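Let's take a friendly walk through a structure together. Please have the sequence and the 3D view ready, and turn the view as you read.

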Amino acid sequence: MATKLLHAVVSGVLGGGVYALMAVGLTLIFGVLDIINIAQGIMVILGAYLSYALSVHLHIGLFLGLLITVPAMFVIGVVIQWAFIRPLSGRDRTSMSLLACYAVAIIIEGALYWAFGPNYVTLTASYVTNSVHILGFYLPYIYLYGFAMAVALVIALYGVLYRTKFGRAIRATMQDRTAALLVGINVNRVAALTFGIGVAVTAVGGMVYGATSSGFNPNSGYDLISRLLAIIILGGLGSIGGALAASVLMLTLESIVDIWSPTWAVAVFYAALVLVLTLRPAGLFGRQAARAQ
Amino acid sequence: MTVNTTLGRAVGAAILLAVCAVFPLVVTNQQVATIGIDTLIFVTAAVAWNIFSGYSGYISLGHAVFFGSGAYAAGIAARDWHVTGGAEFLLLLLGGVVAGLIAVPFGLIALRVRRHTFVVITIAVFFIFQLMAFNFSFTGGTTGLNAPFLLWSPVTFDDRFYYVALVIAAATVGLSWLIRGSKFGLQLRAIRDDEDRARGLGVRALRVKLTAFVVSGAITGLIGALWFFFIAEALPQTAFDPIFDLTIALMAFLGGLGTVAGPVLGALILEPGQQYLTQQVTNDYLAQILLGGVFLVVILLLPRGLIPTGREKIASWRARRRDAAARLAPPGDAPAGGPPGAGGQPARHAAGQTPRGRSL
């Protein structure tokens with residue numbers, strides 16, 4: 001029992017690292033553009049399928065393939081922002097942008113079904129099938145590698161946000177768009193690049209997700225986005241630290257519940273969300289501003 | 001002019017209703033009849049969605065919760081109580097009541113937050129319900145529910161569904177129209193325009209929003225139950241379908257969010273179009289891609305919907321004609337516009353005439 005619990009905690013924390021990466025992308029996009037990218041879930045799956053296509057058809061390793069998929073997803077993100085998000089304005093922008101992202105999501109989903117079919121696939125490599133024996137249980141290497149990479153990327157994102165001029169421009173735009181515009185920040189460029197970065201991290205998240213999950217198909221995007229949404233709302237919209245904490249917390253909680261009831265483990269996410277919001281409508285780490293209409 | 005417009009609209013609605021009523025008598029093709037029933041179901045769902053989301057400005061992407069709950073409530077009742085034949089239609093009311101009851105706690109949680117957070121909560125609740133439909137034993141799990149076999153002759157099979165759906169759709173549109181003109185509807189739209197100010201002026205915001213949410217949910221549940229008996233099967237992924245949420249929102253957006261006729265027009269255009277497309281392309285995935293594409297085009301090119309845009313075009317055309325007439329007339333004449341005939345109903349005037357303003 002103790003081993004099981006330990007295993008659950010370890011795999012929860014490791015999985016939480018990967019979710020944190022995807023959730024940070026989502027919450028960054030929210031902070032800068034004031035929209036929720038509902039398409040983030042299907043983009044993770046798109047990233048996973050890109051890795052899948054590269055490894056199956058071109059025999060490019062999963063980690064090496066990221067050198068191709070990350071820039072590709074970045075470009076997709078910038079194009080989507082430029083074509084569908086940027087033109088939206090006016091007082092209905094909030095709902096419009098949500099619906100636009102939703103529409104993008106179902107287009108991508110349909111395209112993935114068309115290209116790859118509804119069958120479940122997995123990403124395979126030697127480090128996916130081989131495991132390391134630690135603390136009395138077996139853990140595939142990919143969990144460790146994926147976690148290490150996710151942590152490194154989150155740290156890199158933090159570095160960019162807090163140590164570079166561009167990061168300062170992003171944070172300024174998050175705080176006050178008009179003021180940022182007044183001090184000479186090219187807000188449109190910041191928005192496009194942020195959307196690109198937020199989507200680019202899904203290539204990494206998708207690869208690790210595809211390798212650690214028991215299989216994915218185009219429909220898996222719904223499961224992912226609902227978890228990611230729960231995470232960023234729990235963490236407080238626009239709060240990067242909150243997204244990190246909520247990812248690890250929720251994934252650990254889920255894998256602990258999973259010991260008793262695998263079917264209901266995912267319900268933990270939503271139950272926690274409902275519970276937290278009844279007590280604290282702004283989320284765990286959110287500012288009250290997230291509520292203002 | 002106001003009287004004229006109202007009369008015109010009433011005549012238009014009556015003609016539309018009459019055309020819908022004789023439609024199955026003229027067109028007896030089975031496939032077309034099926035599309036007709038589907039369309040009426042979506043007209044009802046889109047109008048019901050608009051009663052809450054369109055008037056209050058809170059975009060719900062969780063109305064499939066009500067649709068699916070209505071379908072499952074009616075299905076479970078029919079299975080456990082062995083209801084057959086015409087008595088089934090009584091279960092529609094049960095579907096509506098169950099969905100309405102679900103809307104109360106759902107609304108109490110979700111309506112405490114606004115904007116993005118609200119939308120996300122509705123999506124999260126939606127996924128909880130889909131998960132429950134998949135995992136509980138009384139819902140039949142992944143195999144779902146089957147409707148009892150109907151003992152009617154196949155010749156009149158569709159007709160009954162058609163007329164029941166037509167009555168529900170017409171009643172829903174009527175209700176939407178009544179709400180829009182009422183004090184309650186005005187309060188809802190005040191919340192949409194500026195919730196804090198509306199509260200300051202004495203609108204009990206939560207109560208008003210919750211009432212609209214429950215009404216909207218109950219109607220969606222009612223029509224969900226009808227859908228279940230018509231399709232004769234409910235699966236977790238078809239009764240709780242994320243595309244359903246998107247489709248009804250798209251219908252309302254296409255026609256004009258927050259107008260009475262908008263969602264009707266949107267559903268009348270989109271649902272037959274989609275059904276036709278599915279039959280033509282015979283590729284579900286392509287149909288899905290096209291739906292998304294249409295949605296993006298609507299959002300980018302017609303962000304305010306067909307009816308408000310059309311109304312604006314007509315108004316500007318009239319104004320131009322009036323200007324031309326004024327220029328031709330001798331300068332002594334009063335301008336044709338004149339003071340608004342505020343006569344009998346100032347409140348309704350304020351409510352009904354805003355479309356010329358911002359995005360109604």
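## A question to begin with

In which hand, left or right, does α10(A) pass α11(A)? The crossing of these two helices is right-handed. Before we go further, keep in mind that this is a predicted model.

## Meeting the two chains

Let's start with chain A. Its secondary structure comes to 12 helices and two strands. Reading from the N terminus, the order of elements is α-α-α-α-α-β-β-α-α-α-α-α-α-α. The radius of gyration of chain A is 19 Å, close to the 19 Å that the globule rule gives for 293 residues, so chain A is as compact as a globular protein of that length. Along the principal axes, the C-alpha atoms of chain A fill a box of roughly 60 × 45 × 35 Å.

Of the 293 residues in chain A, 50% count as buried. If you take the contacts in chain A between residues at least 6 apart in sequence, 75% of them join residues at least 24 apart. Chain B has 15 helices and two strands. In chain B, buried residues make up 45% of the 360 residues. Among contacts in chain B with a separation of 6 or more, 78% are between residues 24 or more positions apart.

## Where the chains touch

How many residues of chain A are in contact with chain B? There are 41 of them, and they are in contact with 36 residues of chain B. The elements of chain A that give two or more residues to this side are α4 (93–116), α10 (220–235) and α12 (267–279). The largest share comes from α4(A), with 16 residues.

What kinds of residues make up this side of chain A? They divide into 29 nonpolar, eight polar and four charged.

## Helix α1 and its partners

Now find helix α1 of chain A, residues 2–33. The axes of α1(A) and α10(A) come within 9 Å and cross at roughly 65 degrees. The two helices are therefore roughly perpendicular to each other, and their crossing is right-handed. On the α1(A) side, the residues that meet α10(A) are A:Y19, A:M22, A:A23, A:L26, A:T27 and A:F30. Their partners in α10(A) are A:L228, A:I231 and A:I232. By class, this contact has eight nonpolar residues, one polar and no charged.

Helix α1(A) also packs with helix α9 of chain A, residues 187–212. Here the angle is about 165 degrees, and the axes are 8 Å apart. That makes α1(A) roughly antiparallel to α9(A). Their crossing is left-handed. The contact of α1(A) with α9(A) has 18 nonpolar, five polar and no charged residues.

## Back to α10 and α11

Let's return to the pair from the opening question. Helix α11 covers residues 240–260 of chain A, and α10(A) packs with α11(A) at an angle of about 125 degrees, with axes 8 Å apart. That angle makes α10(A) oblique to α11(A).

Which residues of α10(A) meet α11(A)? They are A:A230, A:I231, A:I232, A:L234 and A:G235. In α11(A), the residues they meet are A:G242, A:A243, A:A245, A:A246, A:S247 and A:M250. This contact divides into eight nonpolar, three polar and no charged residues.

Most residues other than glycine have a negative phi. A:D34 is not a glycine, yet its phi is positive, about 60 degrees. You will find A:D34 in the loop between α1 and α2 (40–57) of chain A. It counts as partly exposed because it has 18 C-beta neighbours inside 10 Å. A:H59 is not a glycine either, and its phi is positive at about 55 degrees. Its place is in the loop between α2 and α3 (62–85) of chain A. Is A:H59 buried or exposed? With 8 C-beta neighbours inside 10 Å, A:H59 counts as exposed.

Finally, look for A:P71 in helix α3 of chain A. A:P71 is partly exposed, with 13 other C-beta atoms within 10 Å. From A:P71 to A:L21 there are 50 residues in sequence and 16 Å in space, C-alpha to C-alpha.

Technical notes. Residues are numbered from 1 along each chain as its sequence is written. Chains are lettered from A and ligands numbered from 1 in the order in which they are written. This is a predicted model: local features need pLDDT of at least 70, side-chain atom pairs count only at pLDDT 80 or more; totals for chains, interfaces and linings use all residues. Helices (H or I, at least four residues) and strands (E, at least two) are DSSP runs, numbered from the N terminus. The radius of gyration is taken over C-alpha atoms; the globule rule is 2.2 Å times the number of residues to the power 0.38. A residue is buried if 20 or more other C-beta atoms lie within 10 Å of its own, exposed if 12 or fewer, and partly exposed in between; C-beta atoms are placed from the backbone. Two residues are in contact if their C-beta atoms, placed from the backbone, lie within 7 Å. Ala, Val, Leu, Ile, Met, Phe, Trp, Tyr, Cys and Pro count as nonpolar, Asp, Glu, Lys and Arg as charged, and the others, Gly among them, as polar. Axes are lines fitted to C-alpha atoms, for helices over the stretch in contact, and angles run from 0 to 180 degrees between N-to-C directions. Angles under 35 degrees count as roughly parallel, over 145 as roughly antiparallel, 65 to 115 as roughly perpendicular and the rest as oblique. A crossing is left-handed if the near helix is turned anticlockwise from the far one by less than a right angle, and right-handed if clockwise.
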